[in-house]
Amino acid sequence: MANETALGAALKNAVQSLSKKSQTEMIAAHVYAKYDVFKQFRPLALGIHEVLIAALPQFDAQLVSRVLANHCRRQRYLKALARGGKRFDLALKAVGEVTAEEKAAAERMCQARAEKVAPKVADAPVVDAPAADAPVVDTASETSAE
C-alpha cells in the first residue's frame with residue numbers, strides 16, 4: 001500500500017463509499033469482463049483468491065473473496081469442476097489438476113442441488129386448462145341485455 005498512487009487512493013475511496021452490495025456487483029462485473037477464466041467457468045487454480053486480491057487492490061479484499069465464493073457456488077462452475085481436468089490461473093494457463101476428491105465433491109453438490117429443485121417441480125400445483133368442448137359464456141352481453 002505504500003506505493004499506492006493518489007489516483008489509486010482516490011479510486012479506492014470512491015469505491016468504498018458505495019454500499020457493500022454495489023461494491024460486490026461492481027467487482028463481479030469487473031472480474032467477469034477482465035478475466036476469461038471466469039467467463040468460461042473453468043476450474044480455478046488453488047490459491048487464486050490471493051492472486052485476485054493482489055490484482056484488485058482498489059477493492060476490499062473481503063468483497064473480492066465474496067465475489068470469488070459466489071462464483072465458485074454457481075451451478076455452471078460446479079459442473080465444470082465435476083467434469084475434472086485442468087485448473088487455470090487468471091491468464092488461462094493450466095496450473096494443476098482437479099483431484100478425484102474435488103471432482104466427487106462437486107458432483108455431490110450438483111446432485112444435491114438437482115434433488116433440491118426436483119421436489120419443487122414435482123410439488124408444483126397442476127393448473128387445469130379449460131376443456132375445449134366447454135361452452136364459453138359471454139357475461140358482458142348478458143349484463144347489457146338486462
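Two strands are said to pair if DSSP finds at least two bridges between them. In this predicted model, β1 and β2 meet that criterion, being joined in the antiparallel sense over three bridges. Lys86 has Glu97 of β2 as its bridge partner.

Five residues separate the strands of this hairpin. Leu92 is found in the loop between β1 and β2, and its phi is positive, near 65°, although the residue is not a glycine. As a rule, most residues other than glycine have a negative phi. With a relative accessible area of 27%, Leu92 is partly exposed.

The side chain of Asp89 does have a polar atom 3.0 Å from the backbone nitrogen of Ala91. Beyond its neighbours within four places in sequence, Asp89 is in contact with Val37, Ala45, Ile48 and Val95.

## Overall architecture

The protein comprises eight helices and two strands. Read from the N terminus, the order of elements is α-α-α-α-α-α-β-β-α-α.

Of the 146 residues in the protein, 25% are buried. Among contacts with a separation of 6 or more, 61% involve residues 24 or more positions apart.

## The largest nonpolar core

In soluble globular proteins, nonpolar side chains tend to be buried together. Here the largest nonpolar core contains 24 residues, and Tyr35, Phe38 and Leu52 have the most contacts inside it. At least two core residues come from each of α2 (20-34), α3 (36-39), α4 (48-55), α5 (61-73) and α6 (75-83). The largest share, four residues, is supplied by α5.

Leu52 is in contact with Val31, Tyr35, Phe38, Val64, Leu68 and Leu90, leaving aside its neighbours within four places in sequence.

Which residues of α6 are buried? The buried positions in this helix are Tyr77, Leu78, Ala80, Leu81 and Ala82. Just after α6, Gly84 adopts a positive phi of about 80°.

## Phe41 between α3 and α4

A positive phi also occurs at Phe41, with a value of about 55°, although this residue is not a glycine. Phe41 is found in the loop between α3 and α4. Is Phe41 buried or exposed? Phe41 counts as buried because its relative accessibility is 6%, and the cut-off for that class is under 20%.

## Gln23 in helix α2

Gln23 is found in helix α2. This residue is buried, with a relative accessible area of 2%. Not counting residues up to four places away in sequence, Gln23 touches Val15, Gln16, Leu18, Asp60 and Leu63.

Notes. Residues numbered from 1 in each chain as written. Predicted model: local features only at pLDDT ≥ 70, side-chain atom pairs only at ≥ 80, totals over all residues. Heavy atoms only, no water. Polar contact = N/O pair within 3.5 Å; in protein donor to acceptor, adjacent residues only side chain to side chain. Contact = heavy atoms within 4.5 Å. Core = buried A, V, L, I, M, F, W, Y, C linked by side-chain atoms within 4.5 Å. Buried < 20%, exposed > 50% of the residue type's maximum accessible area, 1.4 Å probe, protein only.
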